[in-house]
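Work through these exercises with the structure open beside you. Try each task before you read its solution.

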Amino acid sequence: MVDMIQDGAVVSLAYTLKLQNGEVIDYSEVDDPLEYLHGAENIIPGLERELTGLQVGDAKDVRVDPADGYGDYDPEDVEVVERTLLPRDMELKLGMVVAIRDDDGNMSEAYVREIAPDSVTLDFNHPLAGQPLFFNVQVIAMREATTEEVEHGHPHGVELEDDYDDEFEDDLDFEYDDDEDDEFDEFEDDETDPLDKVQ
Ligand code: ZN
C-alpha cells in the first residue's frame, strides 16, 4: 500500500503540458490519466522529482527546464542529407519523423526541417529540446508496482503495452499518442492545431 509517490509506485496522472507561450501541447484528462512507474525514468527527471511525495488528490504546477527535460537544443544536431539517403517512395513533408540508420547501424529519429530537390535537412534534436515546460499535474491514483512491472521498468496498464515499449524508448517521451507525424506538427510554423492529436 503506497499513499505517497515514491519509487516503485505506479502513478496515474492527469496533466496539462504547456510551452512558455501558453500553448497547450499535450494533456491527459482525469478519466484517462497517464500511468507511469515512479523511479523508472518513464517520465522526464524534472517532473518525476517534483512528483515525489505527492498524494492522491494533490495538484501541482511544475516548471521543468531543458536540463531536466529534453535537453538543450543543439544546433549541431542538424544535418543536411542527400535525398537519396531516404527511401525513394517516401513522401516527405515538413515536420514528419524519419528514422535514419547511421554508419554504426544505430537507428535514430529526426524530423524533417527543410526539403530541397536533392537534399533534406534533418533535425535530430528532440522537438521539445531547449524549451522550458510547464506542467499542471493532478494525482489521480497510485498503487504498488508488481514485481514484473519493476523488472520491466514500466507499468502494465490497460493500453500502454505496445506503444510504450517501442516508441522513443530513451527520450522519456511523455506519452504522446502513436501518430508520430502529429507529434511533431506543432513545431511547424503552420496551421496545425496541437490539440487535435489528443485522443
Ligand atoms: Zn512489460
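**Exercise 1. Burial and confidence**

What percentage of the 199 residues of the chain count as buried? Then say how far the model can be trusted.

Solution. 
- Step 1. Of the 199 residues, 27% count as buried.
- Step 2. Remember that this is a predicted model. The mean pLDDT of the chain is 83. A pLDDT of 70 or more is reached by 79% of the residues.
- Step 3. Over residues 163-199, pLDDT stays under 50. The model has 44 contacts beyond four places in sequence for these residues.
- Step 4. Draw the lesson. Where pLDDT is low, the predicted coordinates should not be read in detail.

**Exercise 2. The elements**

How many helices and strands does the chain have, and in what order do they run from the N terminus?

Solution. 
- Step 1. Count them: four helices and nine strands.
- Step 2. Check the contacts along the sequence. Take those between residues at least 6 apart; 65% of them join residues at least 24 apart.

**Exercise 3. The core**

Which residues of the largest nonpolar core touch the most other members?

Solution. 
- Step 1. The core holds 26 residues. Ile5, Val11, Leu13, Phe135 and Val139 touch the most other members.
- Step 2. Ask where core residues come from. Strand S1 (9-18), strand S3 (34-37), helix H1 (45-51) and strand S9 (133-144) each supply at least two.
- Step 3. Zoom in on Val11. Leaving out residues up to four places away in sequence, Val11 touches Ile5, Tyr36, His38, Leu51, Val139 and Met142.
- Step 4. In soluble globular proteins, nonpolar side chains tend to be buried together.

**Exercise 4. Partners of S9**

How many bridges join S1 to S9, and how many join S4 to S9?

Solution. 
- Step 1. S1 and S9 are joined by 10 bridges and run antiparallel. Ser12 has Ala141 in S9 as its bridge partner.
- Step 2. Strand S4 (residues 59-64) is joined to S9 by six bridges, and this pair runs antiparallel. Here Lys60 stands opposite Val137 in S9.

**Exercise 5. An open sheet and a hairpin**

What is the strand order of the open sheet of four strands?

Solution. 
- Step 1. The order is S5-S8-S7-S6, with antiparallel pairing.
- Step 2. Find the edges. Strand S5 (78-82) and strand S6 (97-101) each pair on one side only.
- Step 3. Follow S6 into strand S7 (residues 107-115). Five bridges join the two, which run antiparallel. Val97 has Tyr111 as its bridge partner, and Val98 stands opposite Ala110.
- Step 4. Inspect the turn. S6 and S7 form a hairpin with five residues between them. Gly105 in this turn has a positive phi of about 90 degrees.

Notes:
Residues are numbered from 1 along each chain as its sequence is written. This is a predicted model: local features need pLDDT of at least 70, side-chain atom pairs count only at pLDDT 80 or more; totals for chains, interfaces and linings use all residues. pLDDT is the predictor's confidence in each residue, from 0 to 100. Two residues are in contact if their C-beta atoms, placed from the backbone, lie within 7 Å. A nonpolar core is a set of buried Ala, Val, Leu, Ile, Met, Phe, Trp, Tyr and Cys residues joined through C-beta atoms within 7 Å. A residue is buried if 20 or more other C-beta atoms lie within 10 Å of its own, exposed if 12 or fewer, and partly exposed in between; C-beta atoms are placed from the backbone. Two strands pair if DSSP finds at least two bridges between them.
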